[in-house]
Amino acid sequence: MFKRIFWAGLGVAAGVVLVSKAEAYVRANTPKQAREFVFGADQEQVPQRTLAGLLSEFRSALSQRQSELDKKYMDRFQG
(Lines give C-alpha, C1' and ligand atoms only; values in the text may rest on other atoms or scores of the structure.)
Protein backbone atom coordinates (compact mmCIF):
# COMPACT_ATOMS: atom_id res chain seq x y z
CA MET A 1 0.00 0.00 0.00
CA PHE A 2 2.81 2.39 0.80
CA LYS A 3 4.37 1.74 -2.59
CA ARG A 4 1.14 2.82 -4.29
CA ILE A 5 0.96 5.99 -2.23
CA PHE A 6 4.60 6.72 -2.99
CA TRP A 7 4.18 6.21 -6.74
CA ALA A 8 0.93 8.16 -6.86
CA GLY A 9 2.57 11.04 -4.99
CA LEU A 10 5.58 10.90 -7.28
CA GLY A 11 3.29 10.97 -10.32
CA VAL A 12 1.39 13.98 -9.02
CA ALA A 13 4.62 15.81 -8.24
CA ALA A 14 6.03 15.02 -11.69
CA GLY A 15 2.79 16.22 -13.29
CA VAL A 16 2.91 19.52 -11.42
CA VAL A 17 6.53 20.09 -12.40
CA LEU A 18 5.84 19.18 -16.02
CA VAL A 19 2.83 21.49 -16.29
CA SER A 20 4.67 24.40 -14.69
CA LYS A 21 7.66 23.93 -17.01
CA ALA A 22 5.40 23.68 -20.06
CA GLU A 23 3.51 26.81 -19.03
CA ALA A 24 6.78 28.70 -18.53
CA TYR A 25 7.96 27.57 -21.97
CA VAL A 26 4.73 28.69 -23.61
CA ARG A 27 4.89 32.07 -21.87
CA ALA A 28 8.49 32.60 -22.96
CA ASN A 29 8.07 31.52 -26.59
CA THR A 30 4.68 32.78 -27.72
CA PRO A 31 3.49 36.27 -28.62
CA LYS A 32 1.36 38.13 -26.09
CA GLN A 33 -1.80 38.00 -28.22
CA ALA A 34 -1.55 34.21 -28.63
CA ARG A 35 -1.03 33.74 -24.87
CA GLU A 36 -4.03 35.94 -24.11
CA PHE A 37 -6.13 33.91 -26.55
CA VAL A 38 -5.15 30.61 -24.91
CA PHE A 39 -4.85 31.59 -21.23
CA GLY A 40 -7.18 34.59 -21.11
CA ALA A 41 -6.41 38.17 -20.19
CA ASP A 42 -5.54 37.35 -16.55
CA GLN A 43 -2.65 34.97 -17.13
CA GLU A 44 -1.42 34.92 -13.55
CA GLN A 45 -4.59 33.28 -12.22
CA VAL A 46 -4.92 30.36 -14.69
CA PRO A 47 -4.25 27.56 -12.15
CA GLN A 48 -6.60 29.08 -9.59
CA ARG A 49 -9.37 29.59 -12.17
CA THR A 50 -8.93 26.03 -13.42
CA LEU A 51 -9.08 24.58 -9.91
CA ALA A 52 -12.09 26.72 -9.03
CA GLY A 53 -13.87 25.55 -12.18
CA LEU A 54 -13.12 21.90 -11.44
CA LEU A 55 -14.35 22.21 -7.86
CA SER A 56 -17.48 24.02 -8.99
CA GLU A 57 -18.24 21.32 -11.56
CA PHE A 58 -17.58 18.58 -8.98
CA ARG A 59 -19.91 20.19 -6.45
CA SER A 60 -22.60 20.61 -9.09
CA ALA A 61 -22.37 16.96 -10.13
CA LEU A 62 -22.32 15.89 -6.48
CA SER A 63 -25.47 17.82 -5.62
CA GLN A 64 -27.22 16.59 -8.77
CA ARG A 65 -26.39 12.98 -7.93
CA GLN A 66 -27.49 13.51 -4.34
CA SER A 67 -30.83 14.86 -5.55
CA GLU A 68 -31.28 11.81 -7.81
CA LEU A 69 -30.54 9.42 -4.95
CA ASP A 70 -32.80 11.32 -2.55
CA LYS A 71 -35.65 11.15 -5.01
CA LYS A 72 -35.08 7.47 -5.76
CA TYR A 73 -34.94 6.33 -2.16
CA MET A 74 -37.49 8.74 -0.71
CA ASP A 75 -40.05 7.45 -3.20
CA ARG A 76 -39.55 3.96 -1.77
CA PHE A 77 -40.24 5.08 1.79
CA GLN A 78 -43.20 7.32 0.95
CA GLY A 79 -45.00 5.15 -1.53
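Modeller: Here is the overall layout, followed by the charged pairs one by one and a few surroundings.

A word on the ground rules: this is a predicted model, so local features need a pLDDT of at least 70 and side-chain atom pairs count only at pLDDT 80 or more, while totals for chains, interfaces and linings use all residues. Residues are numbered from 1 along each chain as its sequence is written, and side-chain values use heavy atoms, with hydrogens and water left out.

Now the layout. The chain has three helices and zero strands, where helices (H or I, at least four residues) and strands (E, at least two) are DSSP runs numbered from the N terminus. Reading along the sequence gives you α-α-α. The radius of gyration of the chain is 20 Å, well over the 12 Å that the globule rule gives for 79 residues, so the chain is more spread out than a compact globule. That radius is taken over C-alpha atoms, and the rule is 2.2 Å times the number of residues to the power 0.38. Along its principal axes, the C-alpha trace spans about 65 × 40 × 15 Å.

Buried residues make up 8% of the 79 residues. Buried means under 20% relative accessible area, exposed means over 50%, and partly exposed is in between (1.4 Å probe, protein chains only). The chain exposes about 7300 Å², and carbon and sulfur atoms supply 64% of that. These areas come from the Shrake-Rupley method with a 1.4 Å probe, and for residues only the protein chains shown count as cover.

On to the part you asked about. Side chains of opposite charge can pair when their charged atoms come close. The cut-off for a salt bridge is a side-chain nitrogen of Lys or Arg within 4 Å of a carboxyl oxygen of Asp or Glu. By that rule, the count comes to three salt bridges.

Let's start in helix α1, which covers residues 2–29. Arginine 27 and glutamate 23 meet there in a salt bridge, at 2.7 Å from N to O. Being four residues apart in helix α1, they are separated by about one helical turn. How covered are the two partners? Arginine 27 is partly exposed at 24% relative accessibility, while glutamate 23 counts as buried at 19%. The side chains of glutamate 23 and arginine 27 also make a polar contact at 2.7 Å. A polar contact is a pair of N or O atoms within 3.5 Å; within protein, one must be able to donate a hydrogen and the other to accept it, and residues adjacent in sequence count only if both atoms are side-chain atoms. Leaving out residues up to four places away in sequence, glutamate 23 touches Phe39 and Gln43, with contact meaning heavy atoms within 4.5 Å.

Next along is helix α2, residues 32–39. Here lysine 32 forms a salt bridge with glutamate 36, and their closest N and O atoms are 3.8 Å apart. This pair is four residues apart in helix α2, about one helical turn. Lysine 32 is exposed, at 54% relative accessibility, whereas glutamate 36 is partly exposed at 33%.

The remaining pair sits in helix α3, residues 46–78. Glutamate 68 forms a salt bridge with arginine 65, the closest N and O atoms being 3.4 Å apart. They are three residues apart in the helix, which again comes to about one helical turn. Both are partly exposed: glutamate 68 has 42% relative accessibility and arginine 65 has 46%.

For a bit of context, have a look at the rest of helix α1 too. Alanine 28 is in helix α1 and counts as exposed, at 60% relative accessibility. Alanine 28 and glutamate 44 are 16 residues apart in sequence and 14 Å apart in space, C-alpha to C-alpha.

From methionine 1 to alanine 13 is twelve residues in sequence and 18 Å in space, C-alpha to C-alpha.
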